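Morning, everyone. Please bring up the model on your screens, and we'll walk through it together.

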Amino acid sequence: MTYGFGQDAMQAWGWRIPFLIAGPLGLAGLYVRLRLEETPEFRAIASEGEVSGAPLREAIRGNIGGIGRCLGLATTHAIAYYTILAYVPNFLLSKNKVEAGEAFLVTCAALVTAIAVLPFASHLSDRIGRRKVTIAACVGYLVLAYPVFMLMSSGGLANALLGQVILGVLFGTFGSAPFAMMVEMFPTRVRYSSASVGYNIAIAAFGGTAPFIATWLVEQTSNELSPAWYLMGGAVLSLIAAWRTTETAGQPLRAN
């Protein structure tokens with residue numbers, strides 16, 4: 001849309017169009033969500049009257065270690081999501097690396113790449129294990145984050161596109177196995193509550209603040225590549241969490 005209408009028109013009125021398009025998509029998502037069935041494991045404990053009456057309290061009391069590991073696993077995804085989608089386009093624009101339309105184009109390329117990689121990484125995690133895929137993705141962020149920011153900071157559409165595609169591969173890989181691990185590590189009675197607490201704390205603490213922290217790091221260090229260190233720090237936390245989590249691929253879900 002930025003390509004079609006231009007930056008001025010998008011800022012004046014065009015930004016409303018994606019929001020209007022998202023309305024029917026939201027209704028479609030709600031329809032799908034309302035049609036989803038509970039898992040066989042949950043239906044089993046429901047039929048036996050063993051559903052927790054206070055799942056959040058029970059989750060915090062009995063699974064605080066798992067919630068901590070879930071938080072650690074979600075940290076990299078939280079930082080990467082908001083860095084790739086929110087910070088990098090503004091980084092490219094503010095530093096005059098590319099034009100506005102090009103900045104959003106390379107971000108779309110990153111997302112398309114992630115979508116393409118995701119099912120293959122998920123299938124791989126079923127075959128070789130969640131921990132191996134997660135650890136590999138963490139190592140990928142540690143090794144490639146700084147070089148990717150160097151590449152994008154050098155300017156030019158090709159460099160920005162290549163950098164975002166590399167981030168898209170890592171983002172898609174990390175979007176697979178860790179999410180399965182987050183739910184598979186908890187018992188059925190508190191699975192949803194436990195995973196939700198760990199995941200959403202990570203999103204709020206490390207995700208929503210990522211663009212702010214990235215900007216602050218650049219201001220404090222006078223180094224436009226410093227946001228890469230924040231992404232790498234998240235990868236370290238997730239790497240530790242994955243290392244301390246028992247392999248869940250191919251294992252039956254915990255009943256209690």
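Let's start with one pair. R189 and E58 form a salt bridge through their side chains, at 2.9 Å from N to O. Keep in mind that this is a predicted model. The pair connects distant parts of the chain. R189 sits in the loop between α10 and α11, E58 sits in helix α5, and they are 131 residues apart. Buried or exposed? R189 is partly exposed, because its relative accessible area is 29%, between the cut-offs of 20% and 50%. E58 is partly exposed too, at 27%.

The count comes to four salt bridges. Look at R130 next. Its side chain meets D126 at 2.6 Å, N to O. R130 also meets E184, at 2.9 Å. R130 is in helix α8 and E184 is in helix α10, so this bridge ties together parts 54 residues apart in sequence. Both R130 and E184 are buried. Shared partners join D126, R130 and E184 into one network.

Now stay with α10. How does it pack on α11? The angle is about 130 degrees, and the axes are 8 Å apart. That makes α10 oblique to α11. F179, M182 and V183 in α10 meet R191, A195 and Y199 in α11. By class, that contact has five nonpolar residues, no polar ones and one charged.

Last, the core. The largest nonpolar core has 34 residues. L92, Y141, F149, M152 and L231 touch the most other members. Helices that each supply at least two residues include α6, α8 and α13. A second, separate core has 16 residues, among them A59, I67, M185 and A242.

Key: Residues numbered from 1 in each chain as written. Predicted model: local features only at pLDDT ≥ 70, side-chain atom pairs only at ≥ 80, totals over all residues. Heavy atoms only, no water. Axes fitted to C-alpha atoms, helices over the stretch in contact; angles between N-to-C directions. Helix = DSSP H or I, 4+ residues; strand = E, 2+ residues; numbered from the N terminus. Parallel < 35°, antiparallel > 145°, perpendicular 65-115°, else oblique. Contact = heavy atoms within 4.5 Å. Nonpolar A, V, L, I, M, F, W, Y, C, P; charged D, E, K, R; others polar. Core = buried A, V, L, I, M, F, W, Y, C linked by side-chain atoms within 4.5 Å. Buried < 20%, exposed > 50% of the residue type's maximum accessible area, 1.4 Å probe, protein only.
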